[in-house]
Amino acid sequence: MGVVIWLLGVVLTLGAAVVGPAEGAKNHHYDFFIKEANYTRLCHEKTILTVNGQFPGPTIFARKGDVVVVNVYNQGNKNITIHWHGVDQPRNPWYDGPEYITQCPIQPGANLTYTIILSEEEGTLWWHAHSDYDRTTIHGAIVIHPKLGTTFHFKKPHKEIPVILSEWWNADINSLLEEARRTGGEVSISDANTINGQPGELFPCSRKGTFKAPVESGKTYLLRIINAGLANDLFFGVAGHRLTVVGTDARYTKPFTVDHIFISPGQTVDALLEADRATNGSSNGRYYMAARTFASNTNIGFNNSTATAILEYADARAGTPDFPILLPAINDLNASLEYTAMLRSLGSKGHPVDVPTHVDEHMLITLAINVLPCETGNGTCEGPERHRLAASLNNISFHLPSIDILDAYYGVVRGVYEADFPDKPPFNAGFTKRGTKVKVLEYGAVVEVVFQDTAILGAENHPMHLHGFAFYVVGRGIGNFNETTDPDTYNLIDPPFQNTVTVPKAGWAAIRFRAANPGVWFMHCHFECHSEWGMDTVFIVKDGKALQSKMMRRPPGTPRC
């Protein structure tokens, strides 16, 4: 019989082993009330779903190794789930959050208490809804400070500034989603990019709400930058200032200084800004912060807009801020590649690099936008050649089940999923096929996944996110992956350690990770329409032999389908 422990009122069990927070860790408690609120952007008022009436939502603060407990009360009008993006949740998939993958949704009027177990993460992560398109407005930052008694590997900043990049739709986004599901077409593009929920004063009716970051001359500031958007890779920069990147996805990097960063949906960047005023900059002490779309495929619709905020010195005079003149062009693929090539793990004594050199499971996964046969009443959809738009991994377009996969795996419920996701793409693709196919891994196996973009309906970037793990991005390149020669180019010394990798347009990216986190873990493209269309799969990691390598038992109170 398992030993039962309580974490702020939440029962966790694991065989005969006690599973609790790291030694010296603290518990933090937050209440999230999902509720409707009226917000006005771009001269247009509408009702949106929020957490606690805030957009963006509240920031969660913790230290490395802490446990965070969040009680989510659904006072909204639809089902909801919340995901803690980038948190490994060791042995605890029950509270990871993706709808119909690890849980059934929280219905209106119900509540669920999530237990979020932090382990090796340190830096910036974020949380967001993981149901339909709800993360458009339901998202916020997770700030994980070093353990007490330790500190940053860089000079402690004077202040920290959250910079959440996202998008705004004037229309109701879930209505647009339902229409796209009905017609088999695309979801309309957003009306503006945003910084901390605001498009900035370059847009109509937006000057008053523009986000302002006050700074003092001579001080250093840590920008915690999050791309919470649904559809846009972004370039971000600050006029008259350079940024020193020190972390990505809550893992430290070797510092490097740039005029701008490149960031895909799902990713985070920690960057230091020296408030030293550019010598050739504005005399009024006001500088635009700007985020502009990078469109890897300009043959499809995209949001061609630039969101702005203002970096404002304490002694600033009124006047027009300086504008970043160094943001790359909207289709500058080389700029995105040059930035990502500079990412390297810190590799210090306190933050060592441990790249697996022996691989047990090799996978080559093709990423494709393609089509499915139209199934509407008249057989006419709005996708190419009247078909239904789809997306796939190895020509399998993932289909969400009506019972969550974790429940089915834990309860040995047959018929919910098939454990035969292919390790390689089919020789002849043809129409993609729908299926709920998963990959089963032995505990501790070292997995290498090579993601390969394809051009079936146009090549483009894909931000691929893996739940439950950070992974080493050991290689990337343009063109088709060559399994004979390309591994010779891998970085096995200090590759970046991320949870979301940008697979380049018409190129490939290789990741490695140890499957040492038992449970059910979603992997998907973080462009929301691609995930909706089926660019997803699931890893099921079996229990290990040791008590501490087994998945936690199902906690009480989780929703049933």
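Two strands are taken as paired if DSSP finds at least two bridges between them. In the predicted model, strand β11 (residues 159-168) and strand β14 are joined by seven bridges and run parallel. Within this pairing, K159 stands opposite Y221 of β14, and V163 stands opposite I225 of β14. Strand β14 (residues 220-227) also pairs with strand β19 (residues 268-274), here in the antiparallel sense and over seven bridges, with L272 of β19 as the bridge partner of L222.

With residues under 20% relative accessible area counted as buried, eight of the eight residues of β14 fall into this class, so the strand is largely enclosed by the rest of the structure.

Strand β11 is mostly covered, with seven of its 10 residues buried. Besides its parallel pairing with β14, β11 pairs with strand β12 (residues 192-195) in the antiparallel sense over four bridges, and in this pairing S166 stands opposite T194 of β12.

Turning to the helical part, helix α1 (residues 173-183) has I173, N174, L177, A180 and T183 among its buried residues. The elements that cover the buried residues of α1 include β23 (388-393) and α4 (528-533). Just after α1, the backbone at G184 adopts a positive phi of about 80°.

How values were computed
Residues are numbered from 1 along each chain as its sequence is written. This is a predicted model: local features need pLDDT of at least 70, side-chain atom pairs count only at pLDDT 80 or more; totals for chains, interfaces and linings use all residues. Side-chain values use heavy atoms; hydrogens and water are left out. Buried means under 20% relative accessible area, exposed over 50%, partly exposed in between (1.4 Å probe, protein chains only). Helices (H or I, at least four residues) and strands (E, at least two) are DSSP runs, numbered from the N terminus. Contact means heavy atoms within 4.5 Å.
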